[in-house]
Amino acid sequence: MSSGHDPFGALDTAAASGPRAVFAALHDELAAARRWHALFDARIVEARLALGLPPTGPLPTLTGATRDRLDELSIAACLEAGWPLLADGHVAAAWVYLRTT
């Protein structure tokens, strides 16, 4: 069964415009599918890469400015995932994200 929508095609198309476009397309796809946990993960990977950090694994020692910016981006990702989860009635899942803010 196919709805005719190809999320990987959207990412392939965005790839021609660079990493930011790929992340934007990925975020759009995940939000449209209401995959809030995956959207949070994508936002964190994007934030780490934007700050010149490894996308996964332990973080190196961060300067104050880098740590502050990562914290800001992490809180924004928490809100972006948490509020829709709460709106959908997934209180416990939302709390995981919203308690950090």
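Q: Which side chains does the polar contact of 3.3 Å join?

A: It joins the side chains of His27 and Glu46. The model is a predicted one, and each distance below is computed from it.

Q: Where is His27 placed, and is His27 buried or exposed?

A: Burial is judged from the relative accessible area, and a residue under 20% is called buried. His27 belongs to helix α2, which covers residues 19-32. Its relative accessible area is 5%, so His27 is buried.

Q: Which residues is His27 in contact with, leaving aside its neighbours within four places in sequence?

A: His27 contacts Leu39, Ala42, Arg43 and Glu46.

Q: Which residues are linked in a network of salt bridges?

A: The network links Arg43, Glu46 and Glu80. Within it, the side chains of Glu80 and Arg43 meet at 2.7 Å, N to O. This pair links distant parts of the chain, with Glu80 in helix α4 and Arg43 in helix α3, 37 residues apart.

Q: What salt bridge does Arg67 form, and where do its two residues lie?

A: Arg67 forms a salt bridge with Asp71, and their closest N and O atoms are 3.6 Å apart. Both residues lie in helix α4, four residues apart, which is about one turn of the helix. Arg67 has a relative accessible area of 34% and is therefore partly exposed. Asp71, at 32%, is partly exposed as well.

Q: In what do the side chains of Arg69 and Glu72 meet, and how many residues apart are they?

A: Arg69 and Glu72 meet in a salt bridge of 2.9 Å, N to O. They too lie in helix α4, three residues apart, about one turn of the helix. With a relative accessible area of 38%, Arg69 is partly exposed, and Glu72 is partly exposed with 47%.

Q: Which residues have the most contacts inside the largest nonpolar core?

A: A nonpolar core is a set of buried residues joined through side-chain atoms. The largest one here has 13 residues, and those with the most contacts inside it are Trp36, Phe40, Ala81, Leu85 and Tyr97. Helices α3 (36-50), α4 and α5 each give two or more residues to this core. The most come from α3, with five residues.

Q: Which residues does Tyr97 touch, not counting those up to four places away in sequence?

A: Tyr97 touches His37, Phe40, Cys78, Ala81, Gly82 and Leu85. Among them, Phe40, Ala81 and Leu85 are listed with Tyr97 for the most contacts inside the core.

Q: Which residues make the nonpolar surface patch?

A: The patch of about 430 Å² is made by Ile75, Leu79, Trp83, Leu86 and Val91. Helix α4 (residues 64-87) gives the most to it, with four residues. Val91 lies in helix α5, residues 91-98. Val91 counts as exposed because its relative accessibility is 52%.

Q: How many helices and strands does the protein chain have, and what does it span?

A: The chain has five helices and zero strands. Its C-alpha trace spans about 50 × 35 × 20 Å along the principal axes. Of its 101 residues, 27% are buried. The accessible surface comes to about 6,500 Å², and 61% of that belongs to carbon and sulfur atoms.

How values were computed. Residues are numbered from 1 along each chain as its sequence is written. This is a predicted model: local features need pLDDT of at least 70, side-chain atom pairs count only at pLDDT 80 or more; totals for chains, interfaces and linings use all residues. Side-chain values use heavy atoms; hydrogens and water are left out. Patches are made of residues with over 30% relative accessible area and no salt bridge: like charges are joined within 9 Å, nonpolar side chains (Val, Leu, Ile, Met, Phe, Trp, Tyr) within 5 Å. Accessible areas come from the Shrake-Rupley method with a 1.4 Å probe; for residues, only the protein chains shown count as cover. A salt bridge is a side-chain nitrogen of Lys or Arg within 4 Å of a carboxyl oxygen of Asp or Glu. Buried means under 20% relative accessible area, exposed over 50%, partly exposed in between (1.4 Å probe, protein chains only). A nonpolar core is a set of buried Ala, Val, Leu, Ile, Met, Phe, Trp, Tyr and Cys residues joined through side-chain atoms within 4.5 Å. Contact means heavy atoms within 4.5 Å. A polar contact is a pair of N or O atoms within 3.5 Å; within protein, one must be able to donate a hydrogen and the other to accept it, and residues adjacent in sequence count only if both atoms are side-chain atoms.
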